[in-house]
Amino acid sequence: MKTIFEKGYLNTGKNKSIEWGHIRNASPKGLIFVPPLIGGKLAQQVISFRWLIRKKYDLISFNFSGHGDSSDKFSLKSSNQDTLHMLLHVCRLSQKESLPLYGIASCYSAIPILYAAHSLKEPFKRLVLINAISKLCLKSVINSFFSYYRKKFSPHKSLKKTIEAVSYYMDFLFPGIEKNENYFGVLERRRTSLFRIVSELFTWNPLHGVCLDKTPVLCLYARKDRILEIFDTGFKKNYENDIKRLCPQVTFHSLDVDHYFSQPMARNEALKSIISFF
């Protein structure tokens, strides 16, 4: 039996569904659950972790609300609920097929996977976090932008330059991702709840009360990560403490690279760490 790709939809309520993809091996070592990224799609995660599929692990990912063929509009809270619905589905599948369940989450998707794992009483045998964001703060993002603006555009201070700087700043943080007035990656603006997202940034603490006491966690993070530095300036000590509060059974592996692990040697080192951890 060759590796096969299955696609389907999980009904989550009246006229609501989540699009998922499942890559199967003939005799898998385990099942890996990988939530998507904001503006990304499930195929992106399949491509990013295809080397684990080659190592005979099955893999499941999905599309957040507002992405791909998943229904409804995207918001931060909807990403938590989508991940909880999908993880419950995956838990049932791993039990049915008698496969150990593993998780991998990168960047923002660490928040919904930690929320879902806590809600379901820690179903993962092991969990990998890659450049995990563990908190949201609009003030930190605004401060980061104006710091960038002062470095790149001072003394040219005008409304036109500020608007122009926003575009450059987004490219600075998210290189290679299509961004315009209608799209952020595959996410269409008309399929977002923008007002709700802004209000959530001000009022919502998505990981309040969350702690994975029992789950062994490997946290890989880049020491030159522009995105992590938004929330923890000079972040190494604060960052590790934040993750430890959420995941007491954590092992850290830091690499002297950027957020995207651009250097092939760094990607290979991360790969070896994950395989060894699993």
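**Reading the sheet and its surroundings**

Mentor: Ala105 stands opposite Leu129 in strand 6. The model is predicted, and local features need pLDDT of at least 70, side-chain atom pairs count only at pLDDT 80 or more, while totals for chains, interfaces and linings use all residues. Residues are numbered from 1 along each chain as its sequence is written, and side-chain values use heavy atoms, with hydrogens and water left out.

Trainee: How are strands defined, and what is the order of the strands in the open sheet?

Mentor: Helices (H or I, at least four residues) and strands (E, at least two) are DSSP runs, numbered from the N terminus. Two strands pair if DSSP finds at least two bridges between them. Here an open sheet of 8 strands has the order 1-2-4-3-5-6-9-10, with mixed pairing. Its edge strands, strand 1 (4–13) and strand 10, each pair on one side only. From one strand to the next, the twist averages 20°; for such angles, axes are lines fitted to C-alpha atoms, for helices over the stretch in contact, and angles run from 0 to 180 degrees between N-to-C directions.

Trainee: In which sense do strand 6 and strand 9 pair, and over how many bridges?

Mentor: Strand 6 (residues 126–130) pairs with strand 9 in the parallel sense over 4 bridges, and Val217 in strand 9 is the bridge partner of Leu127. Strand 5 and strand 6 also pair in the parallel sense, over 5 bridges. Between strand 9 and strand 10 (residues 250–255) there are 6 bridges, again parallel; there, Leu218 has Thr251 as its bridge partner.

Trainee: Why is strand 9 described as largely enclosed?

Mentor: Burial is judged by relative accessible area: buried means under 20%, exposed over 50%, and partly exposed in between (1.4 Å probe, protein chains only). Strand 9 is largely enclosed by the rest of the structure because 6 of its 6 residues are buried. Val217, Cys219 and Tyr221 point one way, whereas Leu218, Leu220 and Ala222 point the other way. Leu218 has a relative accessible area of 5%. Contact means heavy atoms within 4.5 Å; not counting residues up to four places away in sequence, Leu218 touches several residues, including Leu127, His253 and Phe277. The C-alpha atoms of Leu218 and Ile274 are separated by 7.8 Å, although these residues are 56 apart along the chain.

Trainee: Which strands does helix 4 lie across?

Mentor: Helix 4 lies across strand 3 (30–33), strand 5 and strand 6, and runs at about 150° to strand 5. In helix 4 (residues 110–119), 8 of the 10 residues are buried. Helix 10 (residues 264–277) packs on the sheet by touching strand 6, strand 9 and strand 10, and its direction makes about 175° with that of strand 9.

Trainee: How many aromatic pairs does the ring rule give?

Mentor: Rings of Phe, Tyr and Trp (its six-membered ring) pair if their centres lie within 6.5 Å; planes under 30 degrees apart count as stacked, over 60 as edge-to-face and the rest as tilted. By this rule the count comes to 10 aromatic pairs. One of them joins Tyr57 and Tyr102 edge-to-face, at 5.9 Å centre to centre and with 90° between the planes. Tyr57 lies in strand 4 (residues 57–62) and Tyr102 in strand 5 (residues 101–106), so the pair ties together parts that are 45 residues apart in sequence. Both Tyr57 and Tyr102 are buried.
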